[in-house]
Amino acid sequence: MEGDRERTFVVDLADVDTADSGIFTWDITQDLVYADSALAELFGLIATETNRGLPLKLYLDRVHPEDRPYLAKEIAATMVGGRAQQSTYRVRTRGGHYVSVVAFGRCFRDRKDTPVLYSGIVVLESATSASDHRRH
């Protein structure tokens, strides 16, 4: 019977739109941020390296100098307050110019209430409807 057959769905994640957003997980205890190739592209980093984990500092170094204090404060507030993060800031691409992104993240704690993981997504601001929340 046709209804008994297993259905398989194939999704092409390599289409053009995926370059507009990237996924990351920061292992806080190891200080390694694991990210997909789309995030590597947004931050001007090498995907084979981001897939294997890079220190958070390498990502923060790609953030516009004027935006770093704001972003550091947002990350700290998210870790301490247990709230979700939504931040808009600029990052330097491989070409050397800055693009505005919106990051959504959340910190996860272990059973001893210690922050251990910080996961989220970073989206080109032009690809979101959050332009009303622009800081720049």
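Helices (H or I, at least four residues) and strands (E, at least two) are DSSP runs, numbered from the N terminus, and two strands pair if DSSP finds at least two bridges between them. The model is a predicted one, in which local features need pLDDT of at least 70 and side-chain atom pairs count only at pLDDT 80 or more, while totals for chains, interfaces and linings use all residues. Residues are numbered from 1 along each chain as its sequence is written, and side-chain values use heavy atoms, with hydrogens and water left out.

Strand β4 (residues 98-109) pairs in the antiparallel sense with strand β3 (residues 85-92) over eight bridges, and with strand β5 (residues 115-124) over nine bridges. Between β3 and β4, arginine 92 has tyrosine 98 as its bridge partner, and the hairpin that these strands form has five residues between them, with glycine 96 in the turn at a positive phi of about 95 degrees. The β4 and β5 hairpin also has five residues between its strands, and here aspartate 113 in the turn has a positive phi of about 70 degrees; alanine 103 is bridged to valine 122 in β5.

The largest cavity has a volume of about 210 Å³, and Phe24, Phe43, Leu56, Ile75 and Tyr89 lie nearest its centre among the 16 residues that line it. α3 (56-60) is one of the elements that each supply at least two lining residues, and α3 gives the most, with three.

Methods:
On a 1 Å grid over the protein atoms alone, a cavity is a set of points where a 1.4 Å probe fits but cannot get out, and a pocket is an open set with protein on both sides within 12 Å along at least five of seven lines; lining residues have an atom within 4 Å of a point. Grid points are joined across faces, edges and corners, and a volume is the space filled by probe spheres set on the points.
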